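Dear colleague,

I am handing over the structure below, and I would be glad if you could look through it before reading the notes that follow it.

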Amino acid sequence: MATVMETQNGIKQTLAYPQKKPAPRVWRLLKAYPLVFLGGILVLGLIFVAVFAPQLQHFNPNQQFQNGLSAMGGPLPPNSTFVFGTDDLGRDIFSRVLFGARVSLEVGVFSSIISLFIGTSLGIISGYFGKFVDTVIMRLTDIMLAFPLILFVVALVASLGQSITNLFIAIGVLGWAVTARVVRAQVLSVKEYEYVQAAKALGASNWRILTKIIFPNIIPPVIVLTTLSIGNNMLLESTLSYLGIGVAPPNASWGNMLAEGQQVFQYAPWLLYYPGLALLLAVLGFNLLGDGLREAFNPRRVR
Amino acid sequence: MISYIIRRLGGSVIVLFGIALITFILAYAVPSDPARMILGQHATLQQVDALRKQMGLDEPFIQQFGNYLMNIIHGNLGFSFLQNLPVATLIGQRLPATFQLALVAWLMELIIGLPIGVFMALKDRKMTDHVFNLVSLIGISLPTFFVGLELMYWVAYRANLFPVGGTGGLSFVILPGLTYGITGAAYYSRLLKSSMVDVLNSDYIRTARAKGAAPLRVIMGHAFRNAIIPVITYGATDIGALFGGIVVIEDVFGYSGIGQMAVQAINNLDTPIIMGTVLFAAVFVVAFNFIVDLLYGLIDPRITY
Amino acid sequence: MADVQTVEQGKIAADKEKMPLLVVRDLKKHFPIKRGLIQRTVGHVRAVDGVSLSVDTGETFGLVGESGCGKSTTGRSILRLIEPTAGEILFEGRDIRKMGSAEMRRMRRKMQIVFQDPYASLNPRYTVRQVLEEPMLIHNLFSTAAERKKRASQLMEIVGLSPSRLDRYPHEFSGGQRQRIGIARALAVDPKLIIADEPVSALDVSVQSQVLNLLDDLQKELGLAYVFIAHDLSVVKHISDRIGVMYLGRMVELSPADALYSEPLHPYSQALLSAVPVPDPEAKRDRIILQGDLPSPSKPPTGCPFHPRCKDAKDICKTVVPTWEEIRPDHFVACHLYS
Amino acid sequence: MSTILSVEHLTTSFGTTSGYVPAIDDVSFHIDKGETLGIVGESGCGKSVTSLSIMKLLTANGKIQSGSIQFEDRDLVKLSEADMRKVRGNDIAMIFQEPMTSLNPVHKIGKQITESLRIHKGMRGPAARARAIELLNLVGIPRAAEIVDEYPHRLSGGMRQRVMIAIAMACDPKLLIADEPTTALDVTIQAQILDLMRKLKAERQMAMMLITHDLGVVAEMCDRVVVMYAGKVVEQGNVRDIFRNPTHPYTIGLLNSIPKLDERKTRLDSIPGAVPSIENMPAGCRFAARCEHATQRCADADPGLRDVSGDYQARCVLV
Amino acid sequence: MKINKKTRLLGVVASVTLLGAALAGCSTQPSATSQAPTTPTAPATTGAQPVYGGTLNLDLAGAFPHLDPVKAYDTTSYEAVLQFYNQLVTYKGATNTIIPSLASRYTISPNGKVYTFYLANAKFWNGHPVTAQSFITEFERVLNPVNSSGGQGFIDPFIAGSNAYYSGHAKTISGLKSLNGGKTLQITLTQRDPVFLYVLAMPFFSAVDPTYIAGHSESYIDHNPMGTGPFYLASYQPNQQWVLKKNPHYFQKGIPYLNEIVFTNNSSPSAELLHYKQGLTGLLGYNIGGNGIPSQDYLPIVMSPTYSKQVYKVVQVATQYIGLNNKVGPTANVKVRRALEYAINKNYLVKVLGGRALPANQIIPPSMPSGYEAKLPANATYSYNPALAKKLLAQAGYPHGFTTTIYCDNSNPDDLRITEAVQSMLKAVGVTANINQSSWGTFLTNNETGNQPMFNLAWVEDFPDPSDFLNTLFNSNQRPVNNSTMYSNPAVDKLLNTAANMPAGTARDNLYKQAQNIIMSQAAWIPYAYPVFTAAVQPWLKGYYLNPNQVDPLQYVWIAKH
C-alpha cells in the first residue's frame, strides 16, 4: 500500500512538465540512481532463469529421489549431487528453485496484468467521465481497499478452489483498487492540462483526447505501479503458500518452497535459505526497477 | 464540519455495506455445509437438514443476506461452527492481544522508519541515501514469516532475549512487533523521504532558512509537519489493517490474536469467523481513514470541512 | 444588465452593414459552491457576471483586469471550453451555445486559442510536427502525410521558426519559441478569431516583444481578429484597438485603446493605469494607491462592485449597480460618476 | 557614504551531469548604506543566484567557487554555517517572489514572524507577540491583533507579501534583499507593496537590494542599478544615467522592447534570438549573437567591464 | 471414524481415538512391551520416589473448545475434561484394562443387562457430594437433543428408555435408577453390550453437580467446569492461558502430585519446539489424541542425540490409506486398482513421515486385538513393483496411464507431503494425479458424495473390533458417507452382516478375515501406514506414560529435582 502512496506521490511529480525528454535522461538517471542497474540486472536474471530453467536444471524438479532423503527421512544438506540440498520429499532444491522462478514470475506478472487491466480501465472511466460513474467506482475502490487483502485472497481462493490460475485471478482481482486510484488521479490532473484544453479547442473528440493524450500520460505511473506490484504479488504468493493456499503441488514456487522450508527451518535451514534468497533478489529487483523508473519518469528528480 | 462528518459517516456505511455484501457472497460460495460442520459426521441427514432449516440456509440468497445484515446491525456477527461461541465474543477475547501487538508493531515501524526517512531526505542522492534505500528495499522484499522465524530463532532462542512465542505481556509482542517493523518500516521511510524532499525544496523552507533557523529547527519545526501528511494517510490504513489482525505474524509466533483466529478459521473454513474478522478488520480501516480525514484538519489548517 | 444588452444591440444595429465577427451578450459563468449534507448549492462564484462585447474581423479586442476578475473565464467561455451559465455568443451571426457537439467541433476551426503557459500547453510527448499536425488530423484537412508535413513546415515559417526543427520536442525550444509553436498550432486550422489568453505573460521582455510583433504581423497578413487577454495594461494597450476593463466579473469600462489611456473614466481604470510602473526614473507619478484587496467573487459587494476601494465612492455606489453607458462615442463605462 | 555590502568577483556554479557550470561568473558590485540597488535582467541571467549566494542559501548542488562577499567587516564566503545563520534574518533579511508559497502553511502568522526574534533576540512569549503585532501594523496589515493568530491561507497574496516583509523587518536588518517581491502580484497590489517598501526603507535607513525583471520597478525604486545578462554584469551605474543614456546594446534593446503606455507604436523593437544556455556559454561577449553591433572581436573575447564614467561601467567594446 | 490427522487446531473434528478395547493398542510406556511388529521403544522414567508440588507448563496449540463433558468430543476438550471430571470407570495406567473410578466397585448381572455401580465417597469442588443423580443428570444431558452431544449414539438405544427420552416421549430414562439414597446407580440395558464399560469411561458420562448445572447457562458451564477431578480451573484468559490447580480434596488419596498446571496457548510449532528445548515446557506433543510432536518438530527432536532419548511412542489403532473410487473413473476397473497397489512404495511413505508410522499391508491395524492377518493370501498381497503396475495398467487398457485427482485436506502438513509422494509414484507408472487440497470441512463434504476418484485419509477405531473398520467402511449400506470409495460386493456384505450378529470368537474373526481378503484382493484401498503417536518428555518429568485411549496421566506425573 505504501508503494501506492509513494507512487501517488511520484505521480504528482511525474505530472510536472518534463524539462528534459525522458530518453536522454536515462544515463543521467543511472548515474544519479545507480541502484536501478542492480534492479535491472536482477530482473533480467530472473527472466533468464525462468526461461532457461529446463536447460539449467540438474534434475526433474518434481522427482522424488530415494537417495534424496536421509535414513531418518529428513532432507539432505547441500552436497555434490544436490548442490542446494534436497527437500523433505527428496527433491532437488536447485532444480526446484530454477522452476520456482517460472511459477513465481507467472503469478507476479499475470496477477499484476489483471489488476493493471481492471484498475486502468476503471480509473480512466472514473477520472474522465466523473459524476455518478466516478462516485460508484471510487466507492467500490474504497471497499476493495478496506478489505484485509490476505484474508480476502485466502477466502476467495478457498471458494474458487486452489489452483495457480485461481491464485492470480484472486490476487489480480483484489489488487486493482490501487491502480484505479492512481490512474484516476492522473487522469484528473492531465485533464486540467492546458494542452488538453488546447486539443479540445481544436475540436478533438473525447475519444481522441482519451486515447491520444490522456492514455499516454497514465502509462508511466502505471508502469511503475505494475513493476512494483509484480514484486509485491510474488511476495504475496509466498505468504499465501505459508498459509497453505499457494500454488498447487507438486509444482515448485518459491512461495511454497519457503512454506515447506519454514516447517523444518530449525533442522534444515537450507530449505528456507535458497528459495528465500531467490525470492528476496527477485522482489528486490522489481522494487529497485520500479523505484528507478519512478525516478526516471520524474523530471524534477534528475538534474 | 458536522455535516462533513455525517456525510463521511454515510460514505463509510456504504463502504461497510459493500464489504458485508462481498463477504457474504464469498461465504455463500464456499463449498462446505455449515450445518454439517456444526453437527459433525455422526449426525444423520435428517439432523443436518433440520439444522439447515433452523439456520435459514434453505432460504433464498437475498433473505439470507438480509438476515445477516440485521444480525450485524444488532452486533451479532454469527456463531463460530467450531468454537461454539459467538464470533463477536471470540473477537472480543482476542482484541486486547491484537491491539497490543498492533500498536507495538506500528510503533516499531515508525521508530525504525521515520528517522531513516528523515535521514534519507537529508542525504538525498548521496551514497548513504542509496545504502539506506537498498536496506529498506530489502526489508520490503522479505517475506514477513521469514523474518519472523529468523528473529525467533536467533534473537529469542539463541540470544534468549525475548520469549520465543505465545501470548502474554509486553515481552511477547516485542519480536512480532519488530518483525513487522523490519518489513514495514521501509514504506514509512521511503514515503517520508519523498515527501520530505519535496518539502525541503519548497519556498517556505527557504524562508525559514533565510531567518537563520538551524537545520534541526528547519526539519522538525517546519518540514516535518508538512511532510508527514502522506505518511499519516498510509499510517492510518496501516494501523487500521493491523488492528484488524496481523495475520501472518500472529501465526508465526503462535500469538493468539484475531489474525491467528482468522487463519485457523480459514484452514477450517469456519465461515462465520472469516466473515466476522474480515468485516471487523474493514471497520478498522474505514474508521482510521475517517479519523485521518479529521486529523488532516488539525495538521493542515488549509483544510476545512 | 439589461442595459448592457440594449446598448450593445444598439451598436450592432448601427453597424448593420458591418456585422461583427463575434458578439457576446450578457455572458455569465457562475460556479456553484456546494455545502452541507447533501452538497446543496449554497451560492455561486460569479466569475463572469454579464459581460458583453463584440469583435470585428481584423480587430484586436483587449481584455484587461487583475487576477480573479474573470477575464480568462470570459475567454474560455467564448470558446465553450468552459460551458457558460447564460448569455449569447454569436460567431458570424450564429449562436454557438446552441450548437451540438459535432457542429461545435467543426466551428472550432474558426476560433482558436493561445494559452499563457507555453510549457503546459504543448504536449511534452509530441514532437512539434505532431503538435502542428494534430489539428489537421482532427479536421481531416489533408489526406496525405506529405501534405500535412508541408503545411506544418509552412506554419513554422509563418511563425518564424526553422522547419528543420519540426521533429524536435517542445522542451528543446525556448519559451518564446514554444509560444510561437502554440500560435502556429492555432493557425493550422485557418481560424478567423484567436483568443490569446495572456500569451506573453510568461515571457521575458525581450521575447515578449518578438511575440507581440508576430501577432501583429499575422493579423495584418491573415486578417485575424484577436481577443487579447492580459493583466499588463501596457501590453494590452500596445496591441489592442479597443479595450475592455474588467473588475470582479464585470466589464467596468470599454473604449478605444488610446482613449482609455488618455482619458480613463472609471476610477478603477484610473488606478490601474496609474499603478503601472513607468521605466523612466524622472517620470512624474500621480499614483493612486488602491486600498485593500479584491473582494471575493462569491460575495461581491452590493451596488458598484468597486465601491469599497473607490476613492470617489458616493452613497449611491453602495446600493445601486451603475448602468452601462456610452459616455462618449464608442466609450462605455459603468460608473455613477457619469450618470 | 560607506559601503555595506561589497561583492567581488563572485562565481557560483551548479553541479550538473556535465560537471560544475557557472550560473554567475565574476560578478562584482556593492551596496552603500541606505541605498537601493536594483539588479535587473531576464530569467536565467543569474540575479536570483546572486542573492542566494549572498545569503548562502544555494541548493545542495550549488556552490560559490570564488570571490568574496564583504558584508560590513566580514567575508560571508568564509563564514561558517553557524556564523552565517547569525547573519541571516538578523543582519540581512530576504523576501521572495512567491508570497503564496513562501509562508509555512501549517504555522500561524505570529509564530512565523516571531521565529527570527526567538532565534536572534531570544525574545519569546507576550513580548514577542506584541512585537509581531507591531510589525504587522508597520507593514500596514489591518486588524493586526487578529491576523497574528491566522494561518497564511486566510490571507490574500498582497497580505502575505506584507507578512513576508514583516518577517524580514523583525530584527531590523541592515540589508534587505527583495527577490522579485512584486512579480506575482497584481499591478495595483504591486503599487501598494512598492510604496510600503519605499516607506520602510526611508524610515529605517536600510540598504536594499531589489531584484526584478521589470525596468519600471527599477526606475521607480532604485538609486543604482546592475544589469545582468547570462550570468554576467553587463552594465551598472546610476539609475538616471542608465535609463537616459544606456550604453550596452542589451540594455538599450531591453528598454526599447517594452511597450509604453504613452506612445502608440505599431511595432516594438525587439532583441532577436534567445539567451544562450548555461551549459553552452560563448567564450566572448555573451550577448554577441543577438547584438546588431557585434563584430568578430566581440565573439573572440569578453570585453570586460569598462568605465563609462565615474560610477558607471558597461561590458561592451563600444565603450 | 474418519480422522483428519491434525486435530491440533480443530474443535469439531472428532478425531478421538475411542475405546481402545481391553486387548487393543500397544503403548510404549516405560514398562510396557509391544505387540506390534516393530514398535519403537521409549526411555524408562520410573524408579524414584514421587515428589509433591511444582508447576507444569504446557504449550497448547489451540484453545480448549469445550470444557463441558457433554460437548467434549474433540481430542483437546476430551483430555481437558479428564482433568476436571471423573467417570464411573477408567483405564488402568497405559493399558486397556477398565478399573473402577467414581464407582468404587460394580456388578454386572449374569444376562449382561443390569450394571450396578456403588459410588465412592467423592465431592465436587464446591463441596457437593457425588450421588447417582450426578450421573443421571449427565446421561439426560447427553440424550437431550438440544445439546447435540456426540455421546448420544453410544448409549441410545442401548440403555433402556434412552430412545424414548431422546425423542421426548419420556421425562426420565427408565434404565437409570438411583438406589440406596443415591449411593448406588443401577443401569439397565436393552441388550448385552460387551463394550458398555468402555463407553462409560468416556468423558461424556462424567459426574456433574445437578445444582450447578441447574444454576448456570450452558455456555457458562462450557467454560467454567465444576467437577470432581484432580485439578480445578483456577483461572483462565480466553485464548491465552488456563491455570489448573491441584484439588486438595481429590477422592483418590495421594494424588495429584503437581500443584499447578499452566496451559499456554501457542499455535506455532517452531515456538513450541524452542520452548521445549529451553526447558520451559514439560512436554512436546501434549494432547494424546492429537498429533503428538508437531510434524515439523519431529525431525529436529529425533535427530538430536539428547532429545531423541526423550521420545515416547505408541502405535495407534488406525490405518492411513489412499481410497480408490470403485464406481467412477478409471479406478472403477479393478485391474487399475490392483495396478495402483503395486505403484506405491509404502516404506518410502513411512520415511516421508519421518518413521512415525509402520508400513501397512491391510485394512486392520496390527494393534487391533482381532482381525489382523499375519499373512494375507497371495492375491491380496501387494509389494512395491512399478514395472508390474505399468504392465497391469496396460492390460487394463491404460498403457499410457490416465489423469485423475487425489483429494486431501490441509489440516496437517504431512497430508500434503504424503499426497505429493503418492502423486510422484503414480507419475512413475504413467498416472497423472492432480492434488486437490482443501479444508477438512470441505474435504469431508466432498468425500461424502462418493465422487472423489482418489483420496488420502485415515481411519481410527471407534471400537476395538474389526467390524468398526470393515462394516463401517465397506458395507454397501454405508455408501457414500462412510463407504466413500463406493465399494460394493454382495459377498462381502453377506459376510459382514452375518458376522455382526455373531458372538465374539474365532468363527466371527474368520468371517472378517475372509471379508478383508476379498476387499484387499479387489484393492478398494491402498492402506499405506499405521500411525505412531509420539511425545517428547523432559527427563525431569516423571511418571509419564502413553495410554492408547487418550487418558493422559497428568494426575500421576511429578517433577523431579532438576
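**The sheet of chain D**

In chain D, strand β10 (residues 232–238) and strand β12 (residues 312–314) form an antiparallel pair over 2 bridges, where strands are DSSP runs of E with at least two residues, helices are DSSP runs of H or I with at least four residues, and both are numbered from the N terminus. Two strands are said to pair if DSSP finds at least two bridges between them. Within this pair, Q236(D) has Q313(D) of β12(D) as its bridge partner.

Before going further, please note that this is a predicted model, in which local features need pLDDT of at least 70 and side-chain atom pairs count only at pLDDT 80 or more, while totals for chains, interfaces and linings use all residues. Residues are numbered from 1 along each chain as its sequence is written, chains are lettered from A and ligands numbered from 1 in the order in which they are written, and side-chain values use heavy atoms, with hydrogens and water left out.

The pair β10 and β12 belongs to an open sheet of 8 strands in chain D, whose order is β6-β7-β8-β3-β9-β10-β12-β11 and whose pairing is mixed. At the edges of this sheet stand β6 and β11 (306–309) of chain D, each of which pairs on one side only. From one strand to the next, the twist averages 20°; for angles, axes are lines fitted to C-alpha atoms, for helices over the stretch in contact, and the values run from 0 to 180 degrees between N-to-C directions. Helix α7 (residues 187–204) of chain D packs on the sheet, where it touches β3 (36–40), β6, β7 and β8 (207–212) of chain D, and its direction makes about 160° with that of β8(D).

Chain C has an open sheet of 4 strands in the order β2-β1-β4-β5, with antiparallel pairing. Because β2 (40–55) and β5 (94–95) of chain C stand at the edges with a single partner strand each, one side of each is left without a neighbour in the sheet. Strand β1 (residues 22–35) and strand β4 (residues 86–91) of chain C run antiparallel and are joined by 5 bridges, with F91(C) in β4(C) as the bridge partner of L22(C). Helix α2 (residues 71–78) of chain C lies across β1, β2 and β4 of chain C, running at about 115° to β1(C).

**Chains A and B**

Chain A has 13 helices and 0 strands, and chain B likewise has 13 helices and 0 strands. In chain A, buried residues make up 65% of the 303 residues, and in chain B they make up 61% of the 305 residues. Of the contacts in chain A between residues at least 6 apart in sequence, 74% join residues at least 24 apart, a contact being heavy atoms within 4.5 Å. In chain B, 73% of the contacts with a separation of 6 or more are between residues 24 or more positions apart. The C-alpha trace of chain B spans about 85 × 55 × 30 Å along its principal axes.

**How the chains meet**

Among the 8 pairs of chains that touch, chains A and B have the most contacts. One residue to look at here is L284(A), which is found in helix α13 (residues 270–296) of chain A and counts as buried because its relative accessibility is 5%. Leaving aside residues up to four places away in sequence, L284(A) touches L42(A) as well as L134(B), L137(B), I138(B) and S141(B). L284(A) also lies 9.1 Å from L38(A), C-alpha to C-alpha, although the two are 246 residues apart in sequence.

By contrast, chain C and chain E are joined by no contact, and their closest C-alpha atoms lie 44 Å apart. Chain D and chain E do not touch either, with their nearest C-alpha atoms 46 Å apart.

With best regards

Conventions. Buried < 20%, exposed > 50% of the residue type's maximum accessible area, 1.4 Å probe, protein only.
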